Protein chains: 2
Amino acid sequence: MPETESAIAANDAFYSAMLTCDFDLMDELWATGVPVNCIHPGWHNLVGREAVMESWKAILLNNAPPNMTVHEATASIYDDLAVVICSEVFPDMTLVATNVFVREEGEWKMILHQAGGSVQSLAKLGDQGGYLQ
Amino acid sequence: MPETESAIAANDAFYSAMLTCDFDLMDELWATGVPVNCIHPGWHNLVGREAVMESWKAILLNNAPPNMTVHEATASIYDDLAVVICSEVFPDMTLVATNVFVREEGEWKMILHQAGGSVQSLAKLGDQGGYLQ
């Protein structure tokens, strides 16, 4: 599988974990041997695997799956690192997400997620409750 | 210079370009040989060097320097890639930025900037005019 396709497949798995509220899959997808960071829309930066996974546990286990589809995922490969940028499309708003993956034992594992949007988008996301701090 | 320090120095140069509205320095700081992306706060994803540099030209040449200081910059190195995350602190709000650099001819060059914040932060940034689409 070409590298861009395998990176986009890893990105798809990340959103599959979000859309099925599958914490175990989410946990598998994040790198274990290198630093990781996560910036949910409107949140501060979460540093380190423990803080990042705690945030996903709170999001995935306490909320209904988001009504979202993922579009326009493009991957850029820099040796053992992949930067995937995509649109998170909700019924009435769109966020932009950067997802960065590192190759760990031959598999793309996540090291960074940052999602953000316009003032209007974030305000609407806040209305859905639970996702914004 | 340790790799984390040189990556943070590149990050400092990026903010120096912003704070002095120095477009030529900004232009020098972005990679030329690999894909680049830029997601300004509240903007959509800008793809490719031409679109990214046009946005910086519009921002740097048409606005007063932002009243901002940069704090808590931390760099994580993954071989020839550096991920720097920092806080962009304005007088009454804070954004979080991810800046990713690749080593190009021995120097850290930018491939990605994404800045975002809370609903409240972005609304305040919008009040300053010019920076948000």
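Okay, let's start with Arg49(A), which is partly exposed, at a relative accessible area of 24%. For these labels, buried means under 20% relative accessible area, exposed means over 50%, and partly exposed is in between, with a 1.4 Å probe and protein chains only. What does the side chain of Arg49(A) meet in a salt bridge? That's Asp27(A), at 3.0 Å, N to O. Arg49(A) sits in helix 3 of chain A and Asp27(A) in helix 2 of chain A, so the pair ties together parts 22 residues apart in sequence. Asp27(A) is partly exposed too, with a relative accessible area of 29%. By salt bridge I mean a side-chain nitrogen of Lys or Arg within 4 Å of a carboxyl oxygen of Asp or Glu. And helices (H or I, at least four residues) and strands (E, at least two) are DSSP runs, numbered from the N terminus.

A quick word on what you're looking at. This is a predicted model, where local features need pLDDT of at least 70 and side-chain atom pairs count only at pLDDT 80 or more, while totals for chains, interfaces and linings use all residues. Residues are numbered from 1 along each chain as its sequence is written, chains are lettered from A and ligands numbered from 1 in the order in which they are written, and side-chain values use heavy atoms, with hydrogens and water left out.

Now over to chain B. Arg49(B) and Asp27(B) meet through their side chains in a salt bridge, 3.0 Å from N to O. Here Arg49(B) is in helix 3 (residues 49-62) of chain B and Asp27(B) in helix 2 (residues 23-29) of chain B, so this pair ties together parts that are 22 residues apart in sequence. Arg49(B) is partly exposed at 23% relative accessible area, and Asp27(B) is partly exposed at 29%.

One more from chain B: Asp80(B) and Arg103(B) make a salt bridge at 2.9 Å, N to O. That pair links distant parts of the chain, with Asp80(B) in the loop between strand 3 (69-78) and strand 4 (81-90) of chain B and Arg103(B) in strand 5 (residues 93-104) of chain B, 23 residues apart. In chain A, salt bridges that share partners join Glu3(A), Asp80(A) and Arg103(A) into one network. How many salt bridges are there over all chains? The count comes to 8.

While we're at that loop in chain B, look at Asp79(B). It has a positive phi of about 55° although it isn't a glycine. Asp79(B) is in the loop between strand 3 and strand 4 of chain B, and at 58% relative accessibility it counts as exposed.

Let's step back to chain A as a whole. It has 4 helices and 6 strands, and along the sequence the pattern goes α-α-β-β-α-β-β-β-β-α. Of its 133 residues, 50% are buried.

The sheet in chain A is an open one of 6 strands, in the order 2-1-6-5-4-3, with mixed pairing. Strand 2 (46-47) and strand 3 of chain A are at the edges with a single partner strand each, so one side of each has no neighbour in the sheet. Two strands count as paired if DSSP finds at least two bridges between them. Strand 4 and strand 5 of chain A run antiparallel, joined by 10 bridges, and Glu88(A) stands opposite Leu95(A) in strand 5 of chain A.

What lies across that sheet? Helix 1 of chain A lies across strand 3, strand 4, strand 5 and strand 6 of chain A, at about 140° to strand 3 of chain A. Those angles run from 0 to 180 degrees between N-to-C directions, with axes as lines fitted to C-alpha atoms, for helices over the stretch in contact. Contact means heavy atoms within 4.5 Å. Among the buried residues of helix 1 of chain A are Phe14(A), Tyr15(A) and Met18(A).

Just after helix 1 of chain A comes Cys21(A), with a positive phi of about 50°. Cys21(A) is in the loop between helix 1 and helix 2 of chain A, and it's buried, with a relative accessible area of 17%.

Last stop, the inside. A nonpolar core here is a set of buried Ala, Val, Leu, Ile, Met, Phe, Trp, Tyr and Cys residues joined through side-chain atoms within 4.5 Å. The largest has 88 residues, and those touching the most other members include Trp30(A), Trp56(A), Trp30(B) and Trp56(B). Leaving aside neighbours within four places in sequence, Trp56(B) has contacts including Phe14(B), Met18(B), Trp30(B) and His113(B).
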